[in-house]
Amino acid sequence: MSTAFATEPLRIVAVSAGLSRPSSTRLLAERLAGAARERLTAEQDRTVEVRVIDLRDLAVDIANHLVTGFPPSTLDEAIKEVAEADGLIAVSPVFTASYSGLFKSFFDLIDNTALTGKPVVIAATGGTARHSLVLEHAMRPLFAYLRATVVPTSVYAASEDWGSSGDEYTDGLPSRIRRAGGELATMITGGRAASGASRVLGLDDEVVPFEQQLADLRLD
């Protein structure tokens, strides 16, 4: 392995489909990226670069590309950054019990082999916890189709989750963010996680070995 390759920064790209400003969707994307960067920085010597892509700013370019087949330079750059990232974070607000049309339109423009094997965190925001299944029923199948490797922990943030630390039955949003970010970091650096698992463990759990995760799944 060349020295240049070994010292090249690790790149995390977070895609936010939030439409408002300020945006809870953007905030969730930033916090997930921060959690992944914190874990990566603690566990290895390479620098970590984070880029957050706001699809709100690319909405017109996305529509033009869908019609003409030719992406403007800013959109083309965003597509390339997603394809070349070491790890991806994809966050959408929930519209009509699914991801937003803007979110889907952007990923429709990604070549269906560009995300093959790429570690991805999926996350969503919404006004009520009743829409949390959008992660498993819509977003996880989308990225499975794109052949990405989705980390076990998906993160849904309802309005009441912001500022909540959880209770004895449910981990709070900060814990879920740390866990998902840690899983993404583990996959980026060559670790493995139990594919398809979506349960959330304890507040400060470390990412456990693959074999132990399988054993835990068999007991559930």
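Leaving aside neighbours within four places in sequence, which residues is Ser16 in contact with? They are Thr25, Arg26, Ala29, Ile53, Asp54, Leu55 and Val91. The views below come from a predicted model.

View 1. Ser16 belongs to β1, which spans residues 10-16. Ser16 is buried, and its relative accessible area is 0%. The Ser16 side chain reaches the backbone nitrogen of Gly18 at 3.4 Å. Among the contacts of Ser16 beyond its sequence neighbours are Ile53, Asp54 and Leu55.

View 2. Strand β7 covers residues 155-158. Val155 and Ala157 point one way from the strand, Tyr156 and Ala158 point the other way, and all are buried. In a regular strand, side chains alternate between the two faces of the sheet. Strand β5 (residues 119-126) runs parallel to β7, and four bridges join them. One of the residues concerned is Gly126, whose bridge partner in β7 is Ala158.

**View 3. The two faces of helix α3.** Helix α3 (residues 59-68) has Asp61, Ile62 and His65 among its residues, and these three are buried. They lie on the same side of α3, because they cover an arc of only 100 degrees around the axis. An α-helix has 3.6 residues a turn, so residues three or four places apart point the same way. The cover over the buried residues of α3 includes α4 (73-84) and α5 (101-108). Val60 and Val67 are exposed, on the face of α3 turned away from its buried side.

**View 4. The residue following α3.** Gly69 follows α3 and has a positive phi, near 85 degrees.

How values were computed: Residues numbered from 1 in each chain as written. Predicted model: local features only at pLDDT ≥ 70, side-chain atom pairs only at ≥ 80, totals over all residues. Heavy atoms only, no water. Buried < 20%, exposed > 50% of the residue type's maximum accessible area, 1.4 Å probe, protein only. Polar contact = N/O pair within 3.5 Å; in protein donor to acceptor, adjacent residues only side chain to side chain. Contact = heavy atoms within 4.5 Å. Pairing = 2+ DSSP bridges. Arc of directions from axis to C-beta.
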